[in-house]
Amino acid sequence: MSSPSSGPSAPSDGLLSAARRNLRELAHGLSHASRPSTPLLADAPKRWQRLLPYAVVLALAATLIPVTITVLTTQYEVPGALAGALGVAQAAPLLMLAHRPLQAWWIVFPADVAGALALLARPAAPHDVWPWTPPVIVGHLFLLLALGLRERRRTVIAVWVVTGLGGLLLHLIAPDRGGGSALLITVLGAVVLVIGGSVRERGEARRLLAEQETISEEERARRTLLEERTRIARELHDVVAHHMSVITVQADSAPYRISGLPEAAREEFASIAAAARESLGEMRRLLSVLRSDGGAGERAPQPGLDRLQQLVEATVRAGLPAELALSAELGDVPPAVDLSAYRIVQEALANVVRHAPGAPTRVSVSGVGGQLTVLVVNGPATGAGPPLETSGTGHGLVGMRERVRLTGGTLDTGPLPDGGFRVAARMPLPPAAAPAAPTAPAARPSPEDL
C-alpha cells in the first residue's frame, strides 16, 4: 500500500516548488543588479571611447523628451502638463543607461504603464498605437539593449517577462483598443536582448581569455624558476656531498691518525661522523624527490673553470667565432662558484648560438678585488641564415640569476648599442681563494664590454 506522499500530488508539489524557486530567482534578478555601477566602456583605452556612452544617452534623452511630449499632445490629445510629466518620466531616466540601466527600468516601466492608463481617458482612434506609444517603444528598446550589455541572463529574462505581462494585462483591461504595440515590443525586445547578451558574453569570454593568458604566463614563469632551482640543486648535490664525505672520512679516521686522544674526543669525532653520514642520507632522499623524471643522475664530475677552454673550442667548431681570456691567478675557487661560472658561460654561449648566429663573442674570466668576474659579450649577428630562435623560454637568464643569487653575487645583462648583448656576473670569493695582487697589470675587460 503506497504512502500518501507517493500519490498523484507528489509531481504537482515538485512543479509548484520549481515554479516558486524560479519566481524567487526572477524577483531577485529584478531587484539586484548583477554588476556594480561601472559605466559602459569604462576600460576603453581612449577617452572619447569612455565618453561615448554618455554622449549617446544624452542625445537619446534630449531627443525623446520633446518627441514624447509632442506625440502625446498632438496625436493623443493629452493635456500639456500631463504630457510634459509623462515625457520627462518616460525619457529622462534613460540618462542612467550608461551605468544603472536596471534602476532606470524601475522608473521607466511604471511611467510607461501610467502613460498607457492615462491614454484610456480619451476615446480610441483607429490609428492609435496602444498601450505603448512609438517613443516608448524606441526608448524601451534602448533600455533593453543596455540591460543586455550589462546584466546576467536571469535579469534580462525577468525584465522581458515583466514587460510582456504588463502589455498583456493592459490589453485585457481594454481589449477593444489595438494591442499591436504590446506584441511588437515583446518580439523586438527579445531580439534586442539576444543581441546585447551575445555581445556581453563575447566580451566576457575575451576578458576571461585575457585573464587566463595572464595566469598562464605567470605559471610558466613560476614553473621556469622552479625547474631552474631544481636543476641547480641537483648539480650542487655533488659539490656538497663531496665535502660531507671528506668530513665523514676525517672524523672516522681521526682516532687512528692522532694518538693519545681522550675518550671524550673519540666520542666527539664519532658523533661528527654520524651527523655527517645522516646529512648525506638526507641529501640523497631530497635529491630523489627533486629528480621527478626518475633519472639516475649524472655520474661524471661537475664541470668547472678548467673546462672552459673545451667549451669555447666546441662553440668555435659549431660556427661561432669566440675567444677566451682566462686569468691564470684565480687561485682556489669554491666548487659552487666554479660550477656556477661554467654554467653561466655555457648558457650565454648557447644563447648567442640560438639568437645571434655568427656573432663575434668574447669570454673573459678574472678574479679581482675578492670577486670572480665572468663576462660574455657578443656583437650583432652576422650569420646568413635567420636565428634559430626568435623568442626564448626564459630558462637561460632565470638560471643565471638563480646561480648568481646562490653564491651571493650580482648579474648584469642587457643589449649593447651596436646590437650585441652582454652578460656580466660577479661572484664573491672567500679571502683564502682571493688571488694575490699581481706584480704586473692584469688584463681587464674594456669599459665598452662592461
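A residue is called buried under 20% relative accessible area, exposed over 50% and partly exposed in between (1.4 Å probe, protein chains only). The structure is a predicted model, in which local features need pLDDT of at least 70 and side-chain atom pairs count only at pLDDT 80 or more, while totals for chains, interfaces and linings use all residues. Residues are numbered from 1 along each chain as its sequence is written, and side-chain values use heavy atoms, with hydrogens and water left out.

A search of the whole structure finds three aromatic pairs; rings of Phe, Tyr and Trp (its six-membered ring) pair if their centres lie within 6.5 Å, and planes under 30 degrees apart count as stacked, over 60 as edge-to-face and the rest as tilted. Trp105 and Trp106 form an edge-to-face pair, with 5.4 Å from centre to centre and 75 degrees between the planes. Trp106 is partly exposed, because its relative accessible area is 46%, whereas Trp105, at 2%, counts as buried. The ring centres of Phe109 and Trp132 are 6.3 Å apart and the planes stand at 50 degrees, so this pair is tilted. Phe109 belongs to helix H4 (residues 101-119) and Trp132 to the loop between H4 and helix H5 (134-150), so the pair ties together parts 23 residues apart in sequence. Helices (H or I, at least four residues) and strands (E, at least two) are DSSP runs, numbered from the N terminus. Both Phe109 and Trp132 are buried. One aromatic cluster is formed by Trp105, Trp106, Phe109 and Trp132.

Five strands make up an open sheet of mixed pairing, in the order S1-S2-S3-S5-S4; two strands pair if DSSP finds at least two bridges between them. The edge strands, each pairing on one side only, are S1 (322-326) and S4. Strand S5 (residues 421-428) pairs in the antiparallel sense with strand S4 (residues 410-415) over six bridges, and with strand S3 (residues 371-378), also antiparallel, over eight bridges. Within S5, Ala425 is the bridge partner of Leu411 and of Val374. The hairpin of S4 and S5 has five residues between the strands, and Gly419 takes a positive phi near 100 degrees there.

Thr70 is located in helix H2 (residues 47-74). Thr70 is partly exposed, because its relative accessible area is 43%. A polar atom of the Thr70 side chain lies 2.8 Å from the backbone oxygen of Pro66. Between Thr70 and Gly84, 14 residues apart in sequence, the C-alpha to C-alpha distance is 8.9 Å.

Notes:
Polar contact = N/O pair within 3.5 Å; in protein donor to acceptor, adjacent residues only side chain to side chain.
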